[in-house]
Amino acid sequence: MKNLNILIIEDYIITATDLKEILEKHGHRVTAIAKNHGEAIRAIEREIPDLMLVDIILRNSAQDGIETAKDIVSNYSIPVIFLTANSESNTFERAKVLNPAAYLFKPFRNKELVFQIELAYNHYMLNKEDDNPTRSESIFLPHKKGHQRIKKSDVLCIKADRAYVWVFVKEEKNPFMFSMNLGYLAQFFSGNNFYQISRSYIVNLNFLHRFDSENIYLNHFNMGIPIPQNRRNELMKRLAIVRTPN
């Protein structure tokens, strides 16, 4: 089981903190803790998680957890696990429409939560359709009144530019520009070789040929890409680094 990037949507900070500690203890990473609909949408736009843990009842939010999850999965292919203390059947029926990966009642046991996450994610991956663009080797993106074929393995990096993204492709003189945000496009580049190093860049680690204390450098790309300090340790874990012996 790979370590997952998980978004927590939970407005009760004590519960959210407990969830974060449980997940990190078992090797997973929390991309963000969102307390309401707006924070959840912004968190998704910054980084696409592998899975979402969503509390159904969100105080001080115009939309509850079910409505929030619905808005997200309408644009992103992400499995959802609902958490709730509400055992009413009508709540379950509303949640069931979204085909959640699991539905857990509070209070939950730590091991139960971890097991359900792993089972839910494995089931989700096994049942993905083979022609799903998030898994295909190439995708067609809207470009110049048509669609441009992009072979994922040839993508050096993707750079955010407000409401647009620039996709830099090996052996292409100029990058392609597409009208969409980085968060949305990230779901189609979720393979192990792609890494979102910051809010502005997704990089293909297969093209990484050098890094220093501030930047990484990619083959066929003529500038360094900054490494944010809060992502440096995580990036280092993705690389096979040989250190100088003491």
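## Walking through the model

Biologist: Does Phe188 count as buried or exposed?
Modeller: Buried means under 20% relative accessible area, exposed means over 50%, and partly exposed is in between (1.4 Å probe, protein chains only). Phe188 sits at 11% relative accessibility, so it counts as buried.

Biologist: Before we go on, what pLDDT do local features need here?
Modeller: Numbering starts from 1 along each chain as its sequence is written, and side-chain values use heavy atoms, with hydrogens and water left out. This is a predicted model, where totals for chains, interfaces and linings use all residues, side-chain atom pairs count only at pLDDT 80 or more, and local features need pLDDT of at least 70.

Biologist: Back to Phe188: how far is its C-alpha atom from that of Lys152?
Modeller: Phe188 is in the loop between α6 (182-186) and β11 (194-196); helices (H or I, at least four residues) and strands (E, at least two) are DSSP runs, numbered from the N terminus. Lys152 is 36 residues apart from Phe188 along the chain, and their C-alpha atoms are separated by 8.9 Å.

Biologist: What stretch does UniProt list for the response regulatory domain, and how far apart are its end C-alpha atoms?
Modeller: The UniProt entry, which is unreviewed, lists "domain: Response regulatory" for residues 5-121. Its positions follow the numbering used here, feature names are shortened, and annotations may be inferred rather than shown by experiment. Over residues 5-121 the chain is 44% helix and 21% strand, and the end C-alpha atoms are separated by 11 Å.

Biologist: Which residue is joined to Lys106 by a cis peptide bond?
Modeller: Look in the loop between β5 (102-105) and α5 (110-126). Omega is about -5° there, and the residue joined to Lys106 is Pro107.

Biologist: Where does His220 lie, and what is its phi?
Modeller: His220 lies in the loop between β14 and β15 and counts as exposed at 57% relative accessibility. Although it is not a glycine, His220 has a positive phi of about 70°.

Biologist: And Arg162, with its positive phi: what is its relative accessible area?
Modeller: Arg162 is in the loop between β8 (155-161) and β9 (164-169), and its phi is near 60°. It is exposed, with a relative accessible area of 82%.

Biologist: Which residue in β15 stands opposite Ile216?
Modeller: Strand β14 (residues 215-218) pairs with β15 in the antiparallel sense over 2 bridges. Opposite Ile216 stands Ile225.

Biologist: How many residues apart in sequence are the parts tied together by Phe168 and Phe221?
Modeller: There are 8 aromatic pairs in the structure; rings of Phe, Tyr and Trp (its six-membered ring) pair if their centres lie within 6.5 Å, with planes under 30 degrees apart counted as stacked, over 60 as edge-to-face and the rest as tilted. Phe168 and Phe221 make one that is edge-to-face, 5.0 Å centre to centre with 85° between the planes. Phe168 lies in strand β9 and Phe221 in the loop between β14 and β15, so the pair ties together parts whose separation in residues is 53.

Biologist: How many residues apart are Arg29 and Glu234, which form a salt bridge?
Modeller: A salt bridge is a side-chain nitrogen of Lys or Arg within 4 Å of a carboxyl oxygen of Asp or Glu, and the closest N and O atoms of Arg29 and Glu234 are 2.9 Å apart. Arg29 is in strand β2 (residues 29-34) and Glu234 in helix α7 (residues 229-238), so that the pair links distant parts of the chain, with a separation in residues of 205.

Biologist: What is the N to O distance between Glu24 and Lys20?
Modeller: Glu24 and Lys20 are 4 residues apart in helix α1, which puts them about one helical turn from each other. Their side chains meet in a salt bridge, N to O, at 2.6 Å.

Methods:
Two strands pair if DSSP finds at least two bridges between them.
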